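I opened this notebook to record what I looked up, entry by entry. The structure comes before the notes.

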Amino acid sequence: MASGWMEPGSCRNLVVLVESVTAPLLIEHQSPVCLELDIDVELPIPCDPVQTADLITALTKQALAAMPDGGDLNITACQSDAGLELEIADSGIDAERRQRNFPIAAAALNADLQWQNCPQGGAAVTVLFPGNSSQGRMAA
C-alpha cells in the first residue's frame, strides 16, 4: 500500500489522492523539489483508490530518482474521450537515460503508460486510465 497522510480509500477526488501520496515522498527526498499540481477538484479517482495510489507512488519515486539534486515535479490531469489522463513530468534526466519501470499497478488497472522527453528538459510519463467517457479540457 502507498504511504501517505490519508488512506487512499478516504480520498474523495484525484487531487487529494495525488497530494496524499506525493507529499510524504517529497518530504523524504534528499533535495528540495517544487511540486506543481494542475488537477481539477471535480476529477474523480479513476479506478481502485489503493491501486491508483500504488501507481502514483511508483511513478513519483521514478521521477524523484531522476532528480537526486532536486528540481521540479509537475502533475496534471484531464478527462479525454479515451479516459482520464494523468501526467507526471519532472526536470530530471531525459527519458532515454533513465530506468522506466512498468509498475505492476499499471497492469492491474489496465492503464497505458507513455514516456516522452519534456521540451524544457526532463521527462514525463502519461497514464491513460481507460473506461471514462466524459469529455473535459486538457490540463495546462
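A cavity here is a set of points, on a 1 Å grid over the protein atoms alone, where a 1.4 Å probe fits but cannot get out. Its volume is the space filled by probe spheres set on the points, which are joined across faces, edges and corners. My search of the whole structure found one cavity of 30 Å³ or more.

I noted the basis: this is a predicted model, local features need pLDDT of at least 70, side-chain atom pairs count only at pLDDT 80 or more, and totals for chains, interfaces and linings use all residues. Residues are numbered from 1 along each chain as its sequence is written, and side-chain values use heavy atoms, with hydrogens and water left out.

Next I listed the lining (residues with an atom within 4 Å of a point). Among the residues lining the largest cavity are Leu59, Ile88, Arg98 and Trp115. Helix 2 (49-65), strand 3 and strand 5 (123-130) each give at least two lining residues. Helices are DSSP runs of H or I with at least four residues, strands runs of E with at least two, numbered from the N terminus.

I then turned to leucine 86, in strand 3 (residues 83-90). Leucine 86 counts as buried because its relative accessibility is 1%; buried means under 20% relative accessible area, exposed over 50%, partly exposed in between (1.4 Å probe, protein chains only). Leucine 128 is 42 residues away in sequence, yet 6.6 Å away in space, C-alpha to C-alpha.

Last, I checked asparagine 110, in the loop between helix 3 (104-109) and strand 4 (112-117). Asparagine 110 is exposed, at 59% relative accessible area.

How values were computed: 1 Å grid on protein atoms, 1.4 Å probe; cavity = no way out; pocket = protein on both sides within 12 Å on 5 of 7 lines; lining within 4 Å.
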